[in-house]
Amino acid sequence: MQKTDNLFINTITFDYPKEKLKFYFSLEDRDDAHYTRLYRSNFPKEIKSVFPGLTDATEFIYTTFTYRVDGLVSLSIDLKNESPDFVKQYYNDQVRYYFRKFDRQLIKPTFIRDNQIWLRSKSDDTTQYFVYEKYTIKVGIAKISQFPELTITYDGKSKLLKINTIELVEQGVPTDKLKWVLNWSEPKKAYLCKYEDLAGKQDVKYEKVFPVLKNALVPLLNIELPKPPKDNRYLNYEIKIRKFFKEHIFKKSFYDLFPVNCKGDFISVPQTRIVHTSDESNQLAFNNGVDIVPHSGVKLYGPFRKPNYTHIRYFFIFHKDNQESQEKLCDYFKNGHGYFKGLTKYVSVPFFEDNVANIVFENKENPLEEIAKVLQNRNFADGVTNIAIYLTPYSKNTTDVVKHEIYYKVKEELLKYGITSQCIDTEKMNEQVAVNTFWLSLNNIAIAILAKLGGIPWRINTLEKDELIVGVGAFTHYDTKTTYIASAFSFQNTGQFNRFEYFMKDQTDELAGSIEQAIKDYTSINKNIDRLIIHFYKEMSQKEFEPIEKTLYHLGIPDIPVYVVAINKTESEDYVIFDKDFKQRMPESGTYVNISDNTYLLCNNTRYGTTHKSTDGYPFPVKLKIDCSDKSLLRDIKTVKELIDQVYQFSRIYWKSVKQQNLPVTVKYPEMVAQIAPHFNGTDIPDAGKDTLWFL
């Protein structure tokens, strides 16, 4: 009997107007708040009936939508049969109008021009900042249903500083650290904008301009932020959006603009749109057996493959005050701790401490110079693989910029000598030892060490195919003003890692070159390559795809299909699906929903059936958009299902932890490299680090 799911999505539907509406247009812009600019792609279908001289070269026209202004030409439009882009822009304007005129809330435009509503949360205010909860209303045209839609998302909290920009500068904070601000120059017209957009405006009173707190300001102002709660995100999210719906949308003034037709509730997901990954997708292969839980699989059957190295030596790097912590850790690796039985018993990797090689530094503020000097004067024995265990006195999450850099610099220095490393946060370790939970971390550390040494803790339990998977991920570095850093990883369909390269965002030719090399390496061992699959951190542009097409032509395989799977986290400003029949609301792992053409929401968690551990968290779905060089192949349901199954499987071979992740390693691993690499000197990673998983 086919499984029936009772899912709903954070979307409401409403009806189109029953009659045509009269809209007003102009070819000229005016300094008028009612004017909205329309791009050519958003022009109404019949716009040439009122502007017969309009040509394809006309880039913009202007509208007040349904607000009548003398001198503008009118056009009656049936929204039900109009261009979806024009309809969406009109309804976005209606949302903005409602929340400004009737609800009187702060509104911030999102990156894609949706409306984000900021609601004051007075109970969370502190002496240093005000707190606002953020909700986005996203207009869609017949994405989930046959109606226009409003998707309501909860985007978390933002903090508005109580000191103005003048006071901030007087405290020594440079203005280039400011991004979004609240301009309160005219109280009844307060609005959010970018700080740079205030330049040249004569009516701005900077003593009435208040910055939105961002991460770069936290250490400069000595602000201590509360730790994010570890509650059920699904339940919290549902409570928030239902409260928003009840207090701000379930009103006559809103229904007059948007005739809601879904009986005052979020819409159910049609059964025809709900699919599940195959049962085999959860299976992982270990040395002598198959399991679906990484920890129990390693414990029962042993890791899939041990490292190939014969001689492995460990040495420790630590501050002189952490001698006791180092001795404890060494004992744990040898003899175990709690439910962790030691490196040798858990992951079949012998532990030999080369205590003569240990590096004990004295300068806690800047240990790099001491560490580099010892490494420079050291003779490393041939045939011996070294791994460094670095007990860092400062966490990589510290807000102190100088101390934060030390973590990365030590990793880089070791890589110069071909040495991979495992960093241990000494303070965190001691806290966990005190409450007898450090054995949990030791399981993860052991798995990561095995992977860094070239072993395979577990792999996807599937037959090998003649296909190559390339993953491209990114990380945003706001502090360094770098938009994105990207890297490319190549894998076989079983999850076997091959190699990676690292690039800046706009180096599309270099990216194509790395894919070319990956194909060459693959075909030098395997005769055929049936298809190339690229997991990309966003939708791939034509500019990014063209060099890859040229590469395939150059290699003499222009006809192999290239599938591009765009993989995005749905943390905010997007769709979230909920399970009405599960108290914690998180849908079963492997459930996916078709939300529009070739776009899917994939639930990727550790809920199997009705069982789920709260300690595993409540990750939101990932959004997938599938494209192909041969568009006809996108109609093959079996192939699409295989591609989604593969994304799901690749999320299960994350070797930094025994817990499943909601992002596949094809984009997660590159994101991790992209987070670390910009802190290295130069623009490249030492060659010794390009075919190992040193970053875990």
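In which helix is Phe86 found? Phe86 belongs to helix 1, residues 84–101; helices here are DSSP runs of H or I with at least four residues, strands are runs of E with at least two, and both are numbered from the N terminus.

Good morning, colleagues. The model before you is predicted: local features need pLDDT of at least 70, side-chain atom pairs count only at pLDDT 80 or more, and totals for chains, interfaces and linings use all residues. Residues are numbered from 1 along each chain as its sequence is written, and side-chain values use heavy atoms, with hydrogens and water left out.

Let me stay with Phe86. Because its relative accessibility is 0%, Phe86 counts as buried; buried means under 20% relative accessible area, exposed over 50%, and partly exposed in between, with a 1.4 Å probe and protein chains only. Beyond its neighbours within four places in sequence, Phe86 is in contact with residues including Phe23, Phe25, Leu38 and Phe65, where contact means heavy atoms within 4.5 Å.

I turn to the salt bridges, each defined as a side-chain nitrogen of Lys or Arg within 4 Å of a carboxyl oxygen of Asp or Glu. By this rule the count is 19. One of them joins Asp114 to Lys138, with the closest N and O atoms 3.6 Å apart. Asp114 sits in the loop between strand 7 (106–109) and strand 8 (115–120), while Lys138 is in strand 9 (residues 129–141). Both Asp114 and Lys138 are buried.

A salt bridge also forms between Lys240 and Glu133, at 2.6 Å between the closest N and O atoms. This pair links helix 4 (residues 233–249) with strand 9, across 107 residues. Lys240 and Glu133 are each buried.

Arg242 and Asp265 meet in a salt bridge as well, at 2.9 Å from N to O. Arg242 lies in helix 4 and Asp265 in the loop between helix 5 (252–257) and strand 14 (274–276), so the pair ties together parts 23 residues apart in sequence. Arg242 is partly exposed at 30%, and Asp265 is partly exposed at 25%. Through shared partners, salt bridges join Glu238, Arg242, Asp265 and Arg585 into one network.

What, then, of Arg378, and which side chain of opposite charge is nearest to it? Arg378 is buried without a salt bridge, and the nearest such side chain, Asp354, is 6.5 Å away; Lys and Arg count as positive, Asp and Glu as negative, and His and the chain ends are not counted. Arg378 lies in the loop between helix 9 (368–376) and strand 19 (384–392). Thank you for your attention.
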